[in-house]
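Me: I'm new to reading structures, and I'd like a close look at one part here. Could you pick a spot and then lead me on from it?

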Amino acid sequence: MDTMISPDAPVADPIAGLPEPEGSETEERIAVATQWQLMSMRFRKHRLAMASLIIVILFYLIAIFANFLAYADPFKTEAYRSLMPPQKVILWDDDGFNPHVLAVEGARDPVSFKRIYKTDPDHKIPLRLFAHGYEYKFLGLFRTDRHLIGVADDAGVTAEESIFLMGTDLLGRDLFSRLMRATRISLSVGLVGVALSMFLGVLLGGISGLYGGVIDITIQRLIEITRSIPTIPLWMGLAAAMPRDWSVVKIYFAITLIISLIGWTDLARVVRGRFLSLRNEDFVLAAELAGAGQLRIIFRHMVPSFLSHIIAAMTLALPAMIISETALSFLGLGLRPPAISWGVLLQDAQNIQTMANTPWLLLVAVPVIIVILAFNFLGDGLRDAADPYG
Amino acid sequence: MWHVTLKRVRLLIVLTILFVMLISSASLNAQGGGGYIGELEGPTLVLDPAQWPTEFSEAPMLAEKVAAGDLPPVVERIPSEPLVIQPLDSIGEYGGTWRRAFVGPGDGENGNRINASDKLLFWDYTGTEIVPSAAKGWEVSEDGTTTTVFLREGMKWSDGAPFTADDFVFWFEWMYSDTRITTPIADMAVQGQQGRVEKVDDYTVSFVFPGPNLLFVDLLAGDTLIGGGQSVRQSRGTSYGAYAPAHYLKQFIPEVSGKTEEELNKEATDAGFEDWVTRLHFATDWQLNPDVPNIGPFRTVQPINTEAWVVERNPYYWAVDTAGNQLPYLDRVVFTLAENPQIITLRAIAGEYDQQERHILMTELPAIIENQETSNYTLHLDLAFNGSDAVYQFNQSYDADPEIAKWLTNADFRRALSIGIDRDQLNETFWLGAGVPGSAVPAESSPYNPGPEYRDMWSTYDPDLANQMLDDIGLTERDSDGYRVRTDNGERLRLEIQAVASFLPYVQISEMIADQWSDLGIYAEPREYERTLGMTRAANNETQIFVWTNGGTELLYLFPRHAIPVDPTEAFMGPAFAKWFVTNGADGIEPTDPNLLRIYELFTAATGLDEAGRIQNAQEIWKILVDQQYGIGTVGQSPAFMGVRIVNNDFANIPDRTCIAQHCRTPGGSHPETFYFTNPDRRD
Amino acid sequence: MQNNGLNQTILSVRNLKTYFFQDEGTVKAVDGATFDVYAGKTLGIVGESGCGKSVTARSILRIEEKPARIVEGEITFHRANGSVLDVTQLEPGSREMRAIRGGEISLVFQEPMTSFSAHYTIGNQIIEIIRLHQSVSKRAARAQTIELLRKVGIPKPERRIDEYPFQLSGGLRQRVMIAMALANNPRILIADEPTTALDVTTQAQILELLQELQEQTRMAVILITHNMGVIAETADDVVVMYLGRVVETGPVDDIFHAPQHPYTRALLRSIPSIMSESRTRLPTISGSIPHPYNRPTGCPFHPRCPDFMPGTCNRLEPQLLPVNEHQQVNCFLYHEPQPHQSNDEAVSHE
Amino acid sequence: MLSFIARRIMLGALTTWVISIIAFLVILLPPGDFVDAYIAQLSGLGQYVSLETAANLREQYGTDQPFHVQYIKWIRRVAHGDFGQSLEFGVPVADVIGDRLWLTMVVSLGAIALTWGLALPIGIYSAVHQYSFGDYFFTFIGFIGLAIPNFLLALILMYIGFKYFDASIGGLFSPEYQLEPWTWEKIWDLIKHLPMPVIILGMAGTAQLIRIMRANLLDELRKPYVVTARAKGLTETRVILKYPVRAALNPFASTIGYLLPFVVSGSIIISVVMSLPTVGPILLRALVAQDVYLAGTIILMLGTLTVIGTIISDLLLMWIDPRIRLEQR
């Protein structure tokens, strides 16, 4: 009975501790808790994973508070501030602490055809915390126009009177604010997609591993077929088959569905493998002998034992989803404007003009890289921590 | 002999001068004299036989073959009445390879346009005057029912076989009239009645119609199914274009070949084709089949479905320069495959192309300008004549949502949306200030332009008036976000703008317009579709607003599809009406809008009208189109479509500015056969 | 420490300390082990799992793995060539250490199932160790291997040599393991729980085999086990360990007949006796082994000790000192606390 | 054993057949047909197709036929080793793919070699030195390759190559060799062009592989046989390379099957961005153009490769893992 606490303890060990109080309920709780405790202990050891966890949490906070963090309407276009380079924030001036940016004026150079922007050292645009800006619904609860930062006098939209921390895109839209919104969409695409493939993977993998026989063979074939078809044709076919009158939001979900439809196979294999090996584990056999019902075995005994693996797998699947979203956008299949996602922003930067003259548009790649790195390290850490033999 | 009156020539000269002045002033305004827009210029034809050269010379590459006995001497290869071209700057030197980009087997037009002189008639470099090309002249009968074309005596196919009236008769009888091979076209008909081709003598061919067809000469010169020329009209499964190499193609057609259909089918399947028809279409395709004889300056030596499409000089080409040198000067043109526009831009700014005007995007201009010196090329910006590179076509036959349809067909609604667009913003952002904002009417230089006031009509930014107009037509209610709501259920009125990626970033342009319209309380959502999907949707009458160029509409009768719904494959303004129009009412939806019906009437009547009458009708059509704002024009007369031209500094006889228009077959109008390399190293 | 005079010391461990350095703290897996190993004798090391037996064994072979590290102590080994050296001073990867490892001291351990690589035949794995320490041809090594297999009682060794470990039963595998350990006639064989995973019959056979072989070769055996029964049958001397410390040493008879340390006594009480009734619960030691990071102050056994003396046992650390001619015990029941044994040193956590 | 292989092949054939149906279905799923696509393509390239022409083409290509008719027509031809005619390229599918196939192989195998060459040693190092600076450093570098969207990376590298190194842009051959027949110079030219695509392609997969290798090896390092091996007196390098690495490599055998199709499929985007004459861009082109026979053949080809690959993997696994080999008997 003690095998669950210390499976390494020799069977014939005569010096076992005092038996625990009767009742399997307590025993299980302890068993599971111990496993989680162990996991968190091991996880904390992985410093990079800890740092990554913080980064991931930060990014999800950005996603949640995207509108609050953005200071400019991400859809507001303005030709006369097209492709403006990032502005420098000046924190101190002669009056002491006075964060501001310098006003910028631009015109197109007739020879180079570039828009050239000049700053006006005399025209300071002060920055304020909790400034007024465009109106939005805060967490979907109430309407407000407060933003974390903004210009003091709510002057708003002209190039002379506004701030562009990361510069602007071709249409003169503020890149920083667009990036905030893109973070929201791209990170949630990942989550929804992973949740869906998780569901499919656990369900089909579980059924396959549990029942075996014809069902197993069928599902294995399904996995093999799905994996054998190159992803791009599948994406294209499925994307094109989407109902045409769907709104951007619905298409967004459809895209995640498409990505997850392809992503579930890996997980299904993992789950199936776990089920197969667990079926023969001592404690499952013991539970079976003890007359526990099958469902009870699955949920009380088997699932907890690989839940940590699922979580790790999920964390590792997320960056793949995010990368897929950008790739889909590149192919013109994923999220398309006016939706703002990382893929859409990256696609905007995918031209020679950006490389040559407006490299700040490439800044979009930075959060993508950071998040993907963070998720990978986080997943790595979780997996290392989840390994029961660690 | 030629149907060009002195009066008309004078008119054209005046118009051209006016036009050049207008354009240069417009461009000065637009970009303060960037220096990239030059004077419209090009080679001219020497039509007076007295000035023709009497001695001929040829390329060293051919001279070798003559010496080896593989080719007859140059005098025998050139017709007795060749086309004599006065090169733009200087008599050229033989040799060299023109390096260009192409984007795949679908980009045959890339080469077709270089071979564009295989048309019977063509336009001069201004794109306003019809001049001879493969045919030396033409004549229209008094009653207008017969158009006669005069061929060049001694002219030969690229394999040396004579090019005669028999090739026209063969085309008409065996390739055009055979329903197994193709279907009849409107270009060969008058009021639905098909015309026919008759041989007068070996070098004279008549096109005879059951009624007056005064437009036919224009059709022969235009980029039309009948006049487009062999390169474009007999490639990719089509067999139009007025003539065909009878001596070569006969072997592929039952009856004429002396073989039965079964025998030919057997041969075809053995060769990997579906049946004899597919094999015939392959055989006629100069892009795919290096064996097919043609009459253009170049013939294919490595087909288009490879990494590099290579075309080489036609040893029997029938044009010479004023010094008697057989054209073309260049040995060959090599098109290298580029899978995406970035590669083309990158290679272009690295100086890897000698002249490239296709597939170069305007928004990349600064990068192109920057690298001019280091990569030894010069940028030219050529302005188009069409009124708008981005027309928002409101589908008048839309019927999926009655409420939406109600507004799409409301003239004031369209007008309000049109004046709700800040075109200067669009011009600055997407045309880098180099376009002309305004309505969709063709350039003021065009005879069809209805008058300068139509450039601004309903096309000047006035958001207050727009708001007022929308209120007045009953769209007064708004939702909490400030958007106007539908009158039937009170939900937000949502318009969908359908855009497909192309030469211009239509999606982004639409995003800017949607943002501007949001100030009017109009919610419009730009939706990007993959091109096939977008076009299919449009053809199926599923789009509300479609954005596309109106390129080609400057010659309204030759290329009406982007202005009037007459061809269902691209009738964004009313696909169901177009279907109704082409099927004579058998299919599609009949329009009830009197203005649209009037447009159809004016358009149909034009075939039987003389030049002046046609101009009058065209102007009236444009007036209605602008007043009704079926298609909202934005910015046009710009270099956006094939007008960003990168030219190697060693390349000569290159016009400063060239005509970019559908009918000019850019760069065909500047006769690429006269281009040559000044740098001897490049001529090897 | 007892010295029989007749017996030659091959290995003496003095005050060995092997600690695990981890982020959460340091675990003193072996905390001052001291004992001697004599030629031809079997030393039994006994204790509950986690008491540091296996770490001691690995420390001798210098295959203690990260994060474990020997921090103090001496392991003096008398080599076959007569030289004497302190193993703790050698680099684990040095040529000398590697020559000792597998050549003069070899290891047989716990899991015959997983102690062999599944990817190579048993022959391959034994030939490897022979050729590593003796310069013989492959052929000769193979012959030697067959001979070894025969010696440990593997039937048809000519055929078995080419089989994979998973094709053998647990007992046979452990025999192969022993054969491998004997391949180079080691001076010391460390058997780390060699019979734990085997059924009772096989256990007995394996122990018998070990004893036979020991008689033939006069090698010393260190037998690590938690099983007092096994100790009683095979060991000459016994070392009892608790939480990294040696709590009692002595000849096997003395330990069994006159256990001194309360822990030793408790251990002996918990051996099931054939005489005891099957339904009765075996006496157990109250409480459980403390968490390694939470080692008690003073005598580590005091929280479970029936003879716990408040104020002494929980504050001061006892030392291993002789109680009689043969035995040494680490307990305040037999020694007065020494003044310099201050508590500072005894605090083991952090 | 034989019956096992026979059963595997039977199942493989069945899978291939289903793939062929799905491939065809996926291509025909989007609305419209090749002719629509063709019209749309020409519209964007300045050429126009009339209604009449469209009708002709439709009849000629048979794209107006229902799904099963088109499918049966194609699969019959496939059964005879004839993959039909590419609608867009106008020549038999085999001719379109032919030249590109082996260039695809060269690029893919190059990428695989790079991935393995980098990932396995790094994975081993990372596992042996778990949580060391080197472990973090190499894993980090590997992940960077994974994290940068490779279409962007390709463009950036090409631009840098143009701007600072005067490298030729895209493709696998310099323009002067493009039209030349095969010579040693041309092969050398190809070799000079290979590193950039190979690195970009290889980088994307390296992190994954490092991670798998590291995890596998970590699992193996904890197993008692490693201690046994150490106790033999082997050097540490020998211990690790002979025993746990060998075992950790095992699972890789089972991934070999997916490797080639995976890399080919993954190379599509890079090939488009860098304009490589591989199968990738024509697959994408064929899909956009709904060139059914061409796209269908490529998908079927990749699918079949995968199926064959998995069978080979199974056999390989059997061959290298004595447990599986002997227990299958």
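Reply: Let's start in chain B, where Asn584(B) sits in the loop between helix H20 (575–582) and helix H21 (594–605). Helices (H or I, at least four residues) and strands (E, at least two) are DSSP runs, numbered from the N terminus. Asn584(B) has a phi near 55°, a positive value in a residue that isn't glycine.

Some ground rules before we go on. This is a predicted model, so local features need pLDDT of at least 70 and side-chain atom pairs count only at pLDDT 80 or more, while totals for chains, interfaces and linings use all residues. Residues are numbered from 1 along each chain as its sequence is written, chains are lettered from A and ligands numbered from 1 in the order in which they are written, and side-chain values use heavy atoms, leaving out hydrogens and water.

Staying in chain B, look at the loop between strand S26 (651–652) and strand S27 (676–677), which holds Pro667(B). The peptide bond running from Thr666(B) to Pro667(B) is cis, and its omega is near 0°.

Chain B also meets chain D, with 68 residues from chain B and 54 from chain D in contact (heavy atoms within 4.5 Å). About 4900 Å² is buried between chain D and chain B, and carbon and sulfur atoms give 56% of that. Buried area is the accessible area (1.4 Å probe) that two parts lose on being put together, summed over both. Five salt bridges are found across the interface of chain D and chain B, a salt bridge being a side-chain nitrogen of Lys or Arg within 4 Å of a carboxyl oxygen of Asp or Glu. One pairs Arg77(D) with Glu274(B), whose closest N and O atoms are 3.1 Å apart.

Chain D touches chain A too: 46 residues of chain D and 49 of chain A take part.

Now hop into chain A. Helix H2 (residues 47–64) and helix H4 (residues 175–211) of chain A have axes that come within 8 Å and cross at roughly 115°. Axes are lines fitted to C-alpha atoms, for helices over the stretch in contact, and angles run from 0 to 180 degrees between N-to-C directions. That makes H2(A) roughly perpendicular to H4(A); under 35 degrees counts as roughly parallel, over 145 as roughly antiparallel, 65 to 115 as roughly perpendicular and the rest as oblique. Among the residues that meet are Phe59(A) and Tyr60(A) in H2(A), and Leu187(A) and Leu191(A) in H4(A).

H4(A) also packs with helix H10 (residues 342–349) of chain A, at an angle of about 130° with the axes 8 Å apart. That makes H4(A) oblique to H10(A). Trp342(A), Gly343(A) and Leu345(A) are the H10(A) residues in this contact, and Leu187(A) is one of their partners in H4(A).

Pro337(A) and Pro338(A) are joined by a cis peptide bond with an omega of about 10°.
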